[in-house]
Amino acid sequence: MNWSGTRAHLLHWLISDEYRSEHLSCVFWPPAHSVLMSIRRCELILTRVRLLSVAFAILTLIWISVDVATLPGHAAGVLAVGRIIASVALVCLAIMTRRPPSLARIYGSLVALYAVPTAFFFGSLLLLRQPGLGPVARLALDVYGVLPIVAMAGLGVFPLTVVETAAFSAPIVIGEIIAYRAHLGAFLPGGVVDAVWLLCLMSGIALVVGASQLAFSVALVGRSLQDSLTGCFSRSSTTELLEMHFTASERRGAPFAVAFLDLDHFKAVNDKFGHEAGDAVLTSAARRIRAGLRGSECIGRWGGEEFVVLFPGKTAAEAIECIERIRVTGLGHLPNGRAISVSVGVAERIADQCAAAMSLVRLADQHMYAAKRAGRDCIVGRRQA
């Protein structure tokens, strides 16, 4: 999946009022995650897949000695070959997880991580399903029967949503039932009913643990993205969003406008009324600007009294129209009762021939200073549609 593509507009939702009221939806449903949240989660999951793949590959090879000591020679030899193949597959998986993160890649990695031991599990049951096994070999076979329980418990290692955990748990339960129907044996004492019940119980535990990790990650990422005073994006997250939208705009040949806003006479507010009053002005202006944005449009605090608004898929004229609408609605009032005014510069990737994301911001900043020189409380930018 292309992270600079269609889902980029979800990022602004993470710090909005809807996020606070619908926070739990992030725990249940992957599409509720913002782009940056998805990227952070993918990186975490892929890192853990890589570590588990290497660990399983090593343990799988070490277990060859146990097979040799407990199983007949032919069975131990065939299992050794199977273990070597499984270990090589797991090492290859660990190498592949170093690629750029994406939702499709974490799903594929998790499927592979579980498919390799599952295939070995069924293969070992078929191989060891023969008469004449001694008590030690039977004990080894029982150990193989516990593998689905271990696999189910392992899901709790990953910060997965409720839907994802359920989707990955179902094949393990179904596989256990299939093994029983095929009379492969290797069940816990009590039969398939107890085994399936235990699997469902472990699935519930994995679901709670994974959802708890995910909820913590969502809260942590949300705080890192947000400017604590105004509730807008921080400068670092705005820069990341800017780069993502710029790349998507280039790929699609679509317009991408940026507005640079600077509150007028803000230093005088701090000097005359104090920093607490200045903070109130900033908060009021940011809240009203954010309320006037739609869809994928989002605002970040660039520094001090400066804000950057991103307009993916919009021309400069459309961005100016939006800013004009917000200015008409009003940005709040200064402590002396006067309306808050703002000087705005607008630039657009195609019309202004900007080759880089930061050059687009710099041009919008230059237009903002032109608005200051023109007498403040105005917008400078291309108004042609």
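Reader: Let's start with a helix pair: is the crossing of α11 and α15 right-handed or left-handed?

Author: Keep in mind that this is a predicted model. The crossing of α11 and α15 is right-handed. For the geometry, take the helix axes: those of α11 (residues 235-252) and α15 are 9 Å apart, and the angle between the two helices is about 110°. Since angles of 65 to 115 degrees count as roughly perpendicular, α11 is roughly perpendicular to α15.

Reader: Which residues in α11 and α15 meet?

Author: On the α11 side you'll find T239, L242, E243 and F246, and they meet A357, M358, L360 and V361 of α15. Sorted by class, the residues of this contact are six nonpolar, one polar and one charged.

Reader: Now the other pair. At what angle do the axes of α3 and α5 cross?

Author: They cross at roughly 160°, and the axes come within 8 Å. Anything over 145 degrees counts as roughly antiparallel, so that label goes to α3 and α5. The crossing here is left-handed. From α3, the contact takes in V49, R50, S53, V54, F56, A57, T60 and L61, while α5 supplies R83, I84, S87, L90, V91, L93 and A94. By class, that gives ten nonpolar, three polar and two charged residues.

Reader: Let me zoom in on that contact. Is T60 buried or exposed?

Author: For this one you need a cut-off: buried means under 20% relative accessible area. T60 has 15% relative accessibility, so T60 counts as buried. T60 sits in helix α3, which spans residues 35-62. Skipping residues up to four places away in sequence, T60 touches R83, S87 and L90.

Reader: And what does S87 touch, beyond residues up to four places away in sequence?

Author: S87 touches A57, T60 and L61. S87 belongs to helix α5 (residues 73-96), and its relative accessible area is 4%, so S87 is buried.

Reader: Which residues is R349 in contact with, leaving aside its neighbours within four places in sequence?

Author: Here's the list: F246, S249, E250, G253, A254, F256, C354 and L360. Two of these names connect back to the helix pair we began with: F246 of α11 and L360 of α15 are part of that contact.

Reader: With which side chain does the side chain of R349 make a polar contact?

Author: That would be S249, at 2.7 Å. The R349 side chain also reaches the backbone oxygen of A254, at 3.2 Å.

Reader: Where is S34 found?

Author: S34 is in the loop between α2 (25-28) and α3. At 1% relative accessibility, S34 counts as buried.

Note on methods
Residues are numbered from 1 along each chain as its sequence is written. This is a predicted model: local features need pLDDT of at least 70, side-chain atom pairs count only at pLDDT 80 or more; totals for chains, interfaces and linings use all residues. Side-chain values use heavy atoms; hydrogens and water are left out. Contact means heavy atoms within 4.5 Å. A polar contact is a pair of N or O atoms within 3.5 Å; within protein, one must be able to donate a hydrogen and the other to accept it, and residues adjacent in sequence count only if both atoms are side-chain atoms. Helices (H or I, at least four residues) and strands (E, at least two) are DSSP runs, numbered from the N terminus. Buried means under 20% relative accessible area, exposed over 50%, partly exposed in between (1.4 Å probe, protein chains only). Axes are lines fitted to C-alpha atoms, for helices over the stretch in contact, and angles run from 0 to 180 degrees between N-to-C directions. Angles under 35 degrees count as roughly parallel, over 145 as roughly antiparallel, 65 to 115 as roughly perpendicular and the rest as oblique. A crossing is left-handed if the near helix is turned anticlockwise from the far one by less than a right angle, and right-handed if clockwise. Ala, Val, Leu, Ile, Met, Phe, Trp, Tyr, Cys and Pro count as nonpolar, Asp, Glu, Lys and Arg as charged, and the others, Gly among them, as polar.
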